[in-house]
Amino acid sequence: MNRHMEQCAFMVYVIIVFLYMMTSPRFIEFVCKHDDVLKCFVNRNPKIIFDHFHFLLECPELMSRFMHIIKAQPFKDRCEWFYEHLHSGQPDSDMVHRPVNENDILLVHRDSIFRSSCEVVSKANCAKLKQGIAVRFHGEEGMGQGVVREWFDILSSEIVNPDYALFTQSADGTTFQPNSNSSVNPDHLNYFRFAGQILGLALNHRQLVNIYFTRSFYKHILGIPVNYQDVASIDPEYAKNLQWILDNDISDLGLELTFSVETDVFGAMEEVPLKPGGASILVTQENKAEYVQLVTELRMTRAIQPQINAFLQGFHMFIPPSLIQLFDEYELELLLSGMPEIDVNDWLKNTEYTSGYERGDQVIQWFWDVVEELTQEERVLLLQFVTGSSRVPHGGFAHIMGGSGLQNFTIAAVPYTANLLPTSSTCINMLKLPEYPSKEILKDRLLVALHCGSYGYTMA
């Protein structure tokens, strides 16, 4: 039976390669027609996408059919696939220890590290930078991995230095978002391109950066559409207003909203249409979802589209879009910034309970038992799931911020129904935990929710 399956797989592979070498429309038509068969092969062995069908990665229309299978694979496996194919075809090199010649060394000045690094990176050979990086500070003899790490660490801080006006802090003060008014700096687009190059280089060479972005910006890097919940990172109150519009019947409220909104442009309010003729189109119960999405896109995407484009231009010089799509926005943060340490005892000590739960309840005891059993990666996913961030602030869980200031991690009771998953309200750091009948069911449902990512999110 296995031999028969292997033969079938080989035949399908030959046919796909043949069609792929012909016209793209026929290739797409064939894959769509035999979608179920191909999914069966990929389900049995997801790595087949990378070993034999890797050209699917280059076709978003087709890859979308298999992405849910790929993303269901362990994060560690996807990281291995990512780096295996990122570096495939590259000659072995270690410029950190054996630079080809003096011209391959990035010579930068400490007192102008951002500008001098931007200048030398823009002039450097991209192919050689992919193979390895050698950095030397002007007037200093030191070289090697330590210097490279120091360079990335310092540049991480400089990229978000307010003097360059490239990024602004999010509402909680711990993450950064492209500044819609960054054009006050005449070189801002060149600098955004450079920032993209630095993050792409860091990811290429497995160097961590000491910087964290808003969830929406990670989505922009991955090509994932933003949604109204992402607005909370820059304006929690406005995000709640959008949630209210979605949750309520606005037919007879007299809001008189139109598909045109006022937005801040260099400190002055300007009326911006959300779509052609928007000022004369009223928001109704029927079209309010479109209104909310267009408002979200205006604030989170359209307002910073040139900055996003410039950043991606630099980032994609080192990281192909086809490979980075293997991850979601939470995993991308971990790839770029590393795995934070989480003190479970501090977490437990600074957690509140509401809606009927108390610390001594059986479900709560099961919950903390499960947290103790989770891997470090899963604990980070849980923290992200509830707070929107993978990081614990300096000082521990007592200093976690919500949309309106300090807000402890909170667990709220939810009546149990079969197969119900936990959800969260990230604005108020609240985990809505059903009253599960056993620890085993609680753990199973919690892990499903964590690996489904944003599907479990709500707004308070």
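Modeller: A residue counts as buried when its relative accessible area is under 20%, as exposed when that area is over 50%, and as partly exposed in between. Please keep in mind that this is a predicted model.

Biologist: What percentage of the residues of the protein chain count as buried?

Modeller: The criterion is a relative accessible area under 20%. Applied to the 460 residues of the protein chain, it gives a buried share of 49%.

Biologist: How many helices and strands does the protein chain have, and what share of its contacts between residues at least 6 apart in sequence joins residues at least 24 apart?

Modeller: The protein chain has 21 helices and 13 strands. Among contacts between residues at least 6 apart in sequence, the share that joins residues at least 24 apart is 68%.

Biologist: Is H188 buried or exposed, and which side chain does its own side chain join in a polar contact of 2.7 Å?

Modeller: H188 is located in helix α11. Its relative accessible area is 11%, which is under 20%, so H188 is buried. Leaving aside residues up to four places away in sequence, H188 touches L166, S182, S183 and Q307. The partner of the H188 side chain in the polar contact of 2.7 Å is the side chain of S182.

Biologist: Which residues make the nonpolar surface patch of about 280 Å², and is L255 buried or partly exposed?

Modeller: L255 lies in the loop between α13 (236-247) and β5 (260-265). The patch is made by W244, L253 and L255. Because its relative accessibility of 39% falls between 20% and 50%, L255 is partly exposed.

Biologist: How many disulfides does the structure hold, and is C118 buried or partly exposed?

Modeller: A disulfide is a covalent bond between the sulfur atoms of two cysteines. The structure holds 0 disulfides. C126, at a relative accessible area of 23%, is partly exposed, whereas C118, at 14% relative accessibility, is buried.

How values were computed. Residues numbered from 1 in each chain as written. Predicted model: local features only at pLDDT ≥ 70, side-chain atom pairs only at ≥ 80, totals over all residues. Heavy atoms only, no water. Disulfide = S-S within 2.5 Å. Buried < 20%, exposed > 50% of the residue type's maximum accessible area, 1.4 Å probe, protein only. Patch = residues over 30% accessible without salt bridge, like charges linked within 9 Å, V, L, I, M, F, W, Y side chains within 5 Å. Areas by Shrake-Rupley, 256 points an atom, 1.4 Å probe, with all protein chains shown as cover. Salt bridge = Lys/Arg side-chain N within 4 Å of Asp/Glu carboxyl O. Helix = DSSP H or I, 4+ residues; strand = E, 2+ residues; numbered from the N terminus. Polar contact = N/O pair within 3.5 Å; in protein donor to acceptor, adjacent residues only side chain to side chain. Contact = heavy atoms within 4.5 Å.
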